[in-house]
Amino acid sequence: MHDLNPIAEKIREADAILIGASNGLSITEGLHLFADNAAFEKLFGDFKRKYGLGCLLQGMAAHWPSEEEKWAFWARLIYHYCGQYQPTPVMKDLKAIVGEKEYFVITSNGEGHFELCGFDPSKIYEMEGNWLTMQCARPCHDTRYPSLEVAQKLSTAEQGGRVPAELVPRCPKCGGPMDIHMGAGQRMIPDTAARARFQNFLKTYHGKKLVVLELGIGWRNQLIKAPMMRLVEREPCATYITVNLGEVFITDAIKDRSFGLDGPLSEVLSELRSACEG
């Protein structure tokens, strides 16, 4: 057990909460992009044996022989982890901790679970794209299109690891292939609007009591963790809270305004929710 009362007090006093999340949160929810585990075998055992895939991430980055096979993979992935998703206890606890506070979420996770759990999509910045939208693969223009209903339809129609050619998504402007936003690699259209909303959030709460709540991010992460620690260093009224299993890293510059919690996210957030509501 951690003594979470000082942290709960900081959250209650906060003007706003900035949530940063990476793979550790997804893994807690049962979505492990890097693992050749039972869940991967159950969902993609046929793809594993046919194409030599070792994990979900390899499938997401694969150069598929055909669009029919590519969309069979993505449709199955999205339908399972998004279309059939139900909010997990860890996400319910997180939402309760935030409560009525102003907040913003910045994440490298792309499965859209924050939005599917009821977090305001206008307060989420998915830095590496997401599974719930698709784009022209070229891209010939920068519009993104919803993908969830498409994935559900394709998943139903899939046979033998392929979807029917006539159902393969095509760009509405050039007629070319489409990519899931997170699977577009270097061609990924940046979400400039979400990035601008994030910057506006930081300007709004500059100099105020900001709690930075970091979930499941390893010490090497330069995309979210390092910038968030630098943000806290610049903001004298900010508090930094990092939760990660087996690895807690905080720079010396902000240690006096930080809390490091080593433990499973599911347990820590449950305890923290109780402390905040107590």
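Guide: W74 is buried, because its relative accessible area is 4% and buried means under 20%, exposed over 50% and partly exposed in between, with a 1.4 Å probe and protein chains only. This is a predicted model, in which local features need pLDDT of at least 70 and side-chain atom pairs pLDDT 80 or more, while totals for chains, interfaces and linings use all residues. Residues are numbered from 1 along each chain as its sequence is written, and side-chain values use heavy atoms, without hydrogens and water.

Visitor: What makes W131 buried or exposed?

Guide: W131 has 1% relative accessibility, so W131 counts as buried.

Visitor: Why is H32 called partly exposed?

Guide: The relative accessible area of H32 is 25%. That value lies between the limits of 20% and 50%, so H32 is partly exposed. H32 sits in the loop between α2 (23–28) and α3; helices (H or I, at least four residues) and strands (E, at least two) are DSSP runs, numbered from the N terminus.

Visitor: How is the pair of W74 and W131 classed?

Guide: A search of the whole structure finds 18 aromatic pairs. W74 and W131 form one that is edge-to-face, with 6.4 Å centre to centre and 75° between the planes. Rings of Phe, Tyr and Trp (its six-membered ring) pair if their centres lie within 6.5 Å; planes under 30 degrees apart count as stacked, over 60 as edge-to-face and the rest as tilted. W74 is in helix α5 (residues 67–83) and W131 in the loop between β3 (124–126) and β4 (133–136), 57 residues apart.

Visitor: Why is the pair of F201 and Y205 called tilted?

Guide: The ring centres of F201 and Y205 are 5.0 Å apart and the planes stand at 50°, so the pair is tilted. F201, at 7% relative accessibility, counts as buried, and Y205 is buried at 13%.

Visitor: How do you know how α3 runs relative to α5?

Guide: The axes of helix α3 (residues 38–51) and α5 come within 11 Å and cross at roughly 175°. Axes are lines fitted to C-alpha atoms, for helices over the stretch in contact, and angles run from 0 to 180 degrees between N-to-C directions. Angles under 35 degrees count as roughly parallel, over 145 as roughly antiparallel, 65 to 115 as roughly perpendicular and the rest as oblique. Therefore α3 is roughly antiparallel to α5.
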